[in-house]
Amino acid sequence: MCCQQVYLGTQQCTVVMAEAHQAVAFQFTVTPEGIDLQLSHQALTEIYRSGVRSWKKRIIRLKNSVITGVYPASPSSWLFVVIAILATMYTRSDPSMGLIAKIQEHLPVSQSMSTQCQTVVSAVLFSTLLWLLLIFTMRLCLKQLLSYHRWIFEQHGKMSTTTKIWVVRVCFWPFLLCKVQIFKKNCINRMLMSMWQALVRIFSGRKPLLYSYQGSLPNLPVPAIKDTLKRYLESVRPLMDDTQYERMTKLAGEFESRLGNRLQWYLKLKSLWAANYVSDWWEEYVYLRGRSPIMVNSNYYGMDLMYVTPTPIQAARAGNTIHAMFLYRRKLNREELKPSRIPGTVIPLCAAQCERMFNTTRTPGEETDTVQHWQDSDYVVVYHRGRYFRLRVYQAGRLMSPREIEFQIQRILDDPSVPCTGEAKLAALTAGDRIPWAQARSKYFSSGINKRSLDCIEKAAFFVALDDDEQGMMGDDPSGSLDRYAKCLLHGKCYDRWFDKSFSVVVFKNGKNGINAEHSWADAPVIAHLWEYVVATDCFQLGYNGEGHCKGEVDPSLAQPLKLSWEISPECEKQISQSLSVAQTLADDIDFHVVSFRDFGKGKIKKCRVSPDAFIQIALQLAYFRSRRMFCLTYEASMTRLFREGRTETVRSCTNESSAFVKALVGGESADVCRRLFRTASEKHQNLYRMAMTGAGIDRHLFCLYVVSQYLKVESPFLKEVLSEPWRLSTSQTSLQQPELFDLVNHPEYISCGGGFGPVADDGYGVSYYILGDSMINFHISCKHSCPDTDAHKFGANITKALHDLLELMSPVQKEPSKTEESRPEVKKNL
């Protein structure tokens, strides 16, 4: 046993802890004379301060709950309503039209209370009921405003008649319809949209908190089965020959006429009862019930700045990063973060996923995992050279300064102790198959010192890994170094990341850092928002001194970080080795390539009057066809956070229109024909993306129908076949959510490299792309070496060629454009 020793004898029994003496609340010694109890004043003071801090957080949460509960009104508005009603009554008017008198008649009060007091109490009760009614009405109006999504389908400068009528009807200004002929059409369009957004602002209050909109967001609608099946059959048409398509059409028709309506009834019932009919099943069945390793298959990563390393000192970078993480957590707990919105609009997005960002872990089970979240944690767990340390980041009730955290990290780096037996590769259990990890956790970590150490890791705010490797874009081999950097963040050595934690921060020896996140509790945009804040705060607010160290002073009384101890049996070591073997085989099979495309970016793409996302997705279709001479089922992630507890939906990017364009271009059709087909494919993709965002997607609906069929124990050949189709091209766009944090004009070097994930299918690709400013697009491409038909580097080269070919095809003719052409708006703002 290491880190903790227990001495037993006839004369004494002394417990010696690895923490500094002053950090121990009490010590006791058993002697022949009795028990000698020694209290530590400093430790008790720390306990008191921790309690005060905990109660402060509870009070803040209670206050925010009240504010959010009465949103979009404010608590102070209650007093205004009460005063207004009382003032009206003193003018001998009855604003309640007799209701106050009715309340007074049925008021169970003491006979000693005067009539005037009873009247006041009744007026206050009436005012409160009126106030609650006003809140309900305002929230209902806001929900109605946020429930209308047809505006997403409108082109810039244009508005359909449906949207005009809806906006005017909701705004209660029908007389504007009579004035339409007086104004120019675009002026009316702008006026109506401005009016609608102004109403959203009015009903949103002045300063909404992070979760203020949650009660006003609409529920995700259940699409009609007929519409979903029609869209599904359309999506698979380019992937099937006539015989296959006819067979699938027949299966879909049989499903719709026999089983579909019965399953649909259950979904509609759930949608009335639950806030979101998809999200809980999606989390459980797609993530938590998966029994294969979550490393590579589920977890994803985010990279550091591409060209800048703020400091080469590992401990200093860790100090600033950890401090910035806790600054973000403080804002999160106080709900001081601004609600996320669709860029360029006032439309809010659901913030429910933020709740489990910190103090969260995924716990393995034999049948299904669970996500556990704790309210608070004042420490992180740090891994270095096979050892685990508990590092407290609060001292005397305050958050430690970056310099103090750096000092503590340096202590860990300088610690000469060796790992306990079996400790060094312990985290391999989280990287291997889930069932062996669940069995090992139950057998070897359910009691004693192992349970205490495991609890310490799982309840930590997050996990920190200090790597001895140097990563990042290296000058001698920039492309290869980025590939190694990506692989290291994705899986590391398979035992130096705690993959079950909500996220792990990785800090390398040369000062580079990165993040690895578990996927079940939230999607990538949530972690990306945190990571943007941390990187910007690290570089632009906290900073470093001239020597590269964190700024500030160090409190000399800081207790030494506590090294966790373990008792790993030979049987447990054997299981660790088996899990490591499984994880290592998986990691070695991953082929990764990062393409930093700097020839052009969204700036030139927009000049072609094309959405950058549609442009890239069609380029991916072209690249895949050139690689395999075929098309494949393509997954593009779209968010559904316009709805309460929304997560993602699938955009099936391989369409009849995109395949027709690719065939025409590869087949040597004329440029005019190819341009026309490209425009059609681009508009089709944008429409699919908008439909997915607004709840009219295909895959989540079919997935939930399949779940219901399994609960009812009925088989559907159609659903079974749909759910078994492999996604050979899985894609996702990462976008900059907080551009105000980065000045890319004056400091273009402060750009992130983005992030990525592993391939979904054994014979497919995983592609993440990050659009940076107007002149760079980074692609993160993954596949498997074991598949002879995939090669990440060749696919990257095909993507680069496809981008150039599309730009050459779609670039405007080099002539002086007319003023009308110059002012013509683009088809769609990239969402």
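The following questions and answers cover a helix pair and some aromatic pairs in a predicted model.

Local features need pLDDT of at least 70 and side-chain atom pairs count only at pLDDT 80 or more, while totals for chains, interfaces and linings use all residues. Residues are numbered from 1 along each chain as its sequence is written, and side-chain values use heavy atoms, with hydrogens and water left out.

Visitor: Are α20 and α21 roughly parallel or roughly antiparallel?
Guide: The axes of α20 (residues 656–666) and α21 (residues 671–693) come within 8 Å and cross at roughly 155°. Axes are lines fitted to C-alpha atoms over the stretch in contact, with angles from 0 to 180 degrees between N-to-C directions, and helices are DSSP runs (H or I, at least four residues) numbered from the N terminus. Angles under 35 degrees count as roughly parallel, over 145 as roughly antiparallel, 65 to 115 as roughly perpendicular and the rest as oblique. The α20 and α21 helices are therefore roughly antiparallel.

Visitor: What kind of aromatic pair do Phe661 and Phe678 form?
Guide: Rings of Phe, Tyr and Trp (its six-membered ring) pair if their centres lie within 6.5 Å; planes under 30 degrees apart count as stacked, over 60 as edge-to-face and the rest as tilted. The centres of Phe661 and Phe678 are 5.3 Å apart and their planes are at 70°, so the pair is edge-to-face.

Visitor: Is Phe661 buried or exposed?
Guide: Buried means under 20% relative accessible area, exposed over 50% and partly exposed in between (1.4 Å probe, protein chains only). Phe661 has 0% relative accessibility, so Phe661 counts as buried.

Note on methods:
Helices (H or I, at least four residues) and strands (E, at least two) are DSSP runs, numbered from the N terminus.
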